[in-house]
Amino acid sequence: MHPDQTKWDQRYRNAQSAGKPAAILEQYQQLLPAEGIALDFACGLGGNALLLAQHGLDTHAWDISPVAIQTLAEQALHSGLFIQSEVRDVDHQPPAASSFDVIVVSYFLDRRLFPALLQALKPQGLLFYQTFTQTLFQDIGPGRPEYRLKSNELLQQMTDLQVIAYHENYFPWRPELVDEACIIAKKI
Ligand SMILES: C[S@@+](CC[C@H](N)C(=O)[O-])C[C@H]1O[C@@H](n2cnc3c(N)ncnc32)[C@H](O)[C@@H]1O
């Protein structure tokens, strides 16, 4: 068993509320296409997936934690939404090339997966990405710096894409997100 699975299962067993969408997705949801296939990558409780499905997209949600996936499946059923949720180790089973119109990644960072994520976008596909930066104004998020973004790092990863929005350490509509970065980028 992957060591992350036990750790995350344990956390999700104690979850008190449903997943919430990332601020970048919530704020810019008007950019989502009216139809298409979307992925919430390393979805946890699937707050992004719930928003994507509510928007009308054919939504997939992958996470290594069976507890998270089961909780999301129950939440989707309760909300009358259909989400193809799957227990999946994204390190070993990344998405196939040109398979998604929208990919959302929040609070997950494995730099080795950036090439696969970018390749997995269909032409005109959108990537929404948000996670912690190495600036530590608040004591939340992973302690190890390798799990946090360097300054401008998301921009540097997206040089082959068209950047639509980028915020780092300042989200005008959520001033409390002072140690996070987010990007929306389009495959051209
Ligand atoms: C901080 S949580 C973020 C979850 C969700 N994206 C969110 O914004 O709430 C990180 C997630 O990555 C998942 N994860 C870690 N390693 C993984 C892997 N190799 N494959 C799939 N999911 C993984 C964990 O189970 C956990 O749900």
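Two rings of Phe, Tyr or Trp (its six-membered ring) are taken as a pair if their centres lie within 6.5 Å; planes under 30 degrees apart are stacked, over 60 edge-to-face, and the rest tilted. On this definition, the structure holds seven aromatic pairs. The model is predicted: local features need pLDDT of at least 70 and side-chain atom pairs pLDDT 80 or more, whereas totals for chains, interfaces and linings use all residues. Residues are numbered from 1 along each chain as its sequence is written, and side-chain values use heavy atoms, without hydrogens and water.

Two of the pairs are listed below.

| Pair | Centre to centre | Angle between planes | Geometry |
|---|---|---|---|
| F41 and F108 | 5.8 Å | 75 degrees | edge-to-face |
| W62 and F100 | 5.9 Å | 75 degrees | edge-to-face |

Helices (H or I, at least four residues) and strands (E, at least two) are DSSP runs, numbered from the N terminus. F41 belongs to strand β1 (residues 37–41) and F108 to the loop between β4 (100–106) and α5 (114–120), so their contact ties together parts 67 residues apart in sequence. W62 in strand β2 (residues 58–63) and F100 in strand β4 are 38 residues apart.

Relative accessible area (1.4 Å probe, protein chains only) defines buried as under 20%, exposed as over 50% and partly exposed as in between. F41 is buried at 1%, while F108 is partly exposed at 23%. W62 is buried at 4%, and F100 is buried at 4%.

Ring pairs also join Y28, F171 and W173 into a cluster.

A charge sits over a ring if NZ of Lys or CZ of Arg is within 6 Å of the ring centre and within 35 degrees of the ring normal. R88 lies over the face of W62, 3.6 Å from the ring centre; the charged end of R11 sits over the ring of W8, 4.5 Å from its centre.
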